[in-house]
Amino acid sequence: MKAKTKYVPVPSKAILPDRDAARDPVLECVNLGITLGGIKAVDNFNLTIGRTEIAGLIGPNGAGKTTVFNLLTKVYQPTTGTILLNGRDTHGMNTMQVNRAGIARTFQNIRLFRNLSVVDNVKAAMNNEMHYNMFSAILRLPNYRREEVAAHRRALKLLSIFDMQNMADVPAGSLPYGAQRRLEIVRALATNPSLLLLDEPAAGMNPSETADLMDNIRKVHEMFQIAIILIEHDMSLVMNICEGICVLNFGQIIAKGTPDEIQNNPAVIEAYLGRRKEV
Amino acid sequence: MTMRRLINLKRVEARRIYLTYAVVIAAYVICQVMSSTKFLSSSMRGMLVPICAYMVMSVSLNLVVGISGELSLGHAGFMSVGAFSGVASAILMQGVITNAPVRLALAMIVAAVFAAFAGFVIGIPVLRLKGDYLAIVTLAFGEIIKSLLNNFYFGMDSQGLHFSMLTDTTRLLKGGRLIIRGPMGISGIQKIATFPAGFILLMIALMVVFNLVNSRSGRAFMAIRDDRIAAESIGLDITKYKMMAFVTSAALAGAAGALFAMNYSTIVANKFDFNTSILILVFVVLGGQGNMLGGIIAAAVLTILPEKLRQFSDYRMLLYAIILIVMMLATNNDEIKNFLNRINPFRRKEAE
Ligand SMILES: Nc1ncnc2c1ncn2[C@@H]1O[C@H](COP(=O)(O)OP(=O)(O)OP(=O)(O)O)[C@@H](O)[C@H]1O
Ligand SMILES: [Mg+2]
C-alpha cells in the first residue's frame, strides 16, 4: 500500500492496488455520501480508480449506482466526503467544470440532443476545443472554416470507432436504440475525458449488439488509454471486460475485487439472490 | 468534399437556407417592381417598411424561442429600446451626417447596441429561470421597459444632453430640443426608413441567425434546448450560450425597432406593448418554431391581413381572430402537414 498521492491522507483503496500503485490514480473518492429523500442513497463510498483501469460498478436495482455517477459529475452535490479527480478536489465544481476537468458520462435514460444530427451531437461535445468566436461564425472567417473542418473530421473519426460514420447526418432522435447508446459514448469521448462513466451501456441491446459493444469498449480503452467505470446488469459483459469490480447494495460497498473474487463472494451472492431463509 | 460539405451543412438544411434567401430576394424584387409601376396601392406601399421590421422581429425571436427553446413574452420591449435610442441618435446626428441612408444605418447600429445592453441586463436575472417562469418574467420586463420609456425625458441644448425621469426637469436652454417627451414619445421624426433598408436589415438578420445556428454556438443553443443536463455533462456553459442567444436576438430586435420608428413621424412607447410581443410570438409559432422562412411569411400575412379586412369595419378584429385560429389549426393538423410535406421537395423525408 504505497500508493499515496500527496493530496490524500488515506491509503489508496484501488481495486487493483498492484497494477496501478505506481501511478497517480485518476479518481479517488473518500467517504462519499448523499442523503436523498431522507435515505442515505450512497454512504461511506470509498473508491480509487487507476489511470487506465476498467472498473465495474454493480449491484441490485436501487443500490445507488447511478447516484454515484451523479455525485461524481455533480448532478448532485455530495453531503459528505471528497472527490479527487487527477489529484484535484472537485469541491465546489459544477457539472460543466467537472467535465472540463476530465469526467465524461453516458446516461441510463438516454439523453441525446434529439433534434441535432448524429455528427452535430458529437461536435457539440467538442465545443470547448474550438475557439472561434461568434463574429467569426457570422462572417464565416477563415478560422471558423478551419476549426469546423477539423472538428468535423475528428467527429467522423470518433463515430467510425463505433461504425456510425454513415449515419452522420441522421437526426439523433431517429436512431435505433442501440445506436443511440453508442452515440452517447461517442459524444462523451469527444470531450477528451480522462475518466469515462458508462451507465448501463448494454441496456436494451440484443446479445450480438452487446458483444459488439464489448469489443468497442475495449477498443476505446486501448486507443485512448483512459479509465472507465461501467455500471451494468449484464454480468457476462462486466466479468469479461472489467479488471476490478465494486459491488454496491443499499448505498454501501459490500465487496471489491477481481471478477473471480466477486463471483465467489458470499455477500455478493446473498445481495443478488436474497438472504437464505433461516430454518 | 464540396464547400458545402466543408462547412457541414446537411443538404436539406443548406437548401432550406438558400430557399429562404431566394424567397426574400424574389419578394423584394417583385415588390420593388410593383411599387415603381404603381401596381401597389399607397396603403400597401406604406406597409412595406413595417412588414420588414416585423419580419426581422420574427427572425430574431425565433432565435430565442425556436433555437434556444425559451419562451420570451417581452420582445417588443427590445424593439422599443431600439426605436427610441435609434430615433434619438438619428435626431442628434441630423446636423452632422446629412446622408440619410448613412444616418439610418448608424441609428440602427446604435439601436442594436442599446437593445443588446438591455438584453444583457435583463438576461442576468431572467436566464436563471426556466420555462413558464422565464416567460412570465420576460413579460414583466417588457412592461417595465414600456413604463420607463413612458416616463423618460431626454433633450439637447447648447450645454449638451439632459435627461430626467417622471417629469420634465431637463430645463433646456433656449434653442434646445426636447427629443423624448415621456408619454408623448418622439415626434417630428424624419422618415428616413426605406424599403431597401428594410430588405438589407432582413438579409443581415437572416445571415446572423443562420450562420450563428450553423456554428459551435448554434449547436450549443440547440443542445441546451434539447437536453440541459446532457449539455452540462459535455462541458457547455449554459448561462453563456443562453445569454449569447438572448443578446443577439435583442440586438436584432433593436435594429428592427429603429427601422420601424423611422417610418413614422411620431412614435410612443405604448406602441410596443404586450400585444405587440404576443403578435411577434404568433409569427414564430405560426411559421413553425425554428423555421425562419415560415416566421417571415407569417409576419407578412398577419401584418397585411388587418389592412385587407378594413372593409369589414366593425367585424375586422373578429374576422382576424377567426382567420388566425383557422390558420393555427391548419398548420397544426397532421394531415395538412403531411400534405405540405408531400408537395414540398425541401422538407426532410420522414423515412431518412
Ligand atoms: N432524486 C432523488 N430523490 C430521492 N431519492 C432518490 C433520488 N435519486 C435516487 N433516489 C433513490 O436512491 C436510490 C438509488 O437510486 P439509483 O438510481 O442510484 O439506483 P441504481 O443502482 O442506479 O439502480 P438501477 O439499477 O435501477 O439503475 C433509490 O432508492 C432511489 O429511489
Ligand atoms: Mg441506475
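These are my notebook entries on two chains of a predicted model.

**Ground rules.** I number residues from 1 along each chain as its sequence is written, and I letter chains from A and number ligands from 1 in the order in which they are written. The model is predicted, so local features need pLDDT of at least 70 and side-chain atom pairs count only at pLDDT 80 or more, while totals for chains, interfaces and linings use all residues.

**Entry 1: chain totals.** I looked up helices (DSSP runs of H or I, at least four residues) and strands (runs of E, at least two), both numbered from the N terminus. Chain A has 11 helices and 10 strands. Chain B has 14 helices and three strands. Next I looked up burial. A residue is buried if 20 or more other C-beta atoms lie within 10 Å of its own, exposed if 12 or fewer, and partly exposed in between, with C-beta atoms placed from the backbone. Of the 279 residues of chain A, 45% are buried; of the 352 residues of chain B, 44% are. For contacts, the C-beta atoms of two residues, placed from the backbone, must lie within 7 Å. In chain A, 66% of the contacts with a separation of 6 or more come from residues 24 or more positions apart. In chain B, 75% of contacts between residues at least 6 apart join residues at least 24 apart.

**Entry 2: α8 of chain A.** I checked the length of this helix, residues 207-224. The expected span is 1.5 Å times one less than the number of residues. For its 18 residues that gives 26 Å, and the end C-alpha atoms are 26 Å apart, which agrees. Which residues of α8(A) are buried? They are Leu213(A), Ile217(A) and Val220(A). They cover an arc of only 65° around the axis, so they sit on the same side of α8(A); the arc is that of the directions from the helix axis to the C-beta atoms. An α-helix has 3.6 residues a turn, so residues three or four places apart point the same way. On the other side of α8(A), I found exposed residues, including Asp215(A), Lys219(A) and Glu222(A). The cover over the buried residues includes α6, α7, β8 and α9 of chain A. After the helix comes Gln225(A), with a positive phi near 50°.

**Entry 3: α8 of chain B.** How many of the residues of helix α8 (216-226) of chain B are buried? The count is 11 of the 11, so the helix is largely enclosed by the rest of the structure. Its buried residues pack against α4 and α5 of chain A, and against α3, α7, α9 and α10 of chain B. I then looked at where the chains meet: 27 residues from chain B and 34 residues from chain A take part. On the chain B side, α7, α8 and α9 each supply at least two residues, and α8(B) gives the most, with seven.

Entry 4: Axes are lines fitted to C-alpha atoms, for helices over the stretch in contact, and angles run from 0 to 180 degrees between N-to-C directions. The axes of α4(B) and α10(B) come within 6 Å and cross at roughly 55°. Those of α5(B) and α10(B) are 7 Å apart, at about 140°. Contact residues here include Ala107(B) of α5(B) and Met243(B) of α10(B).
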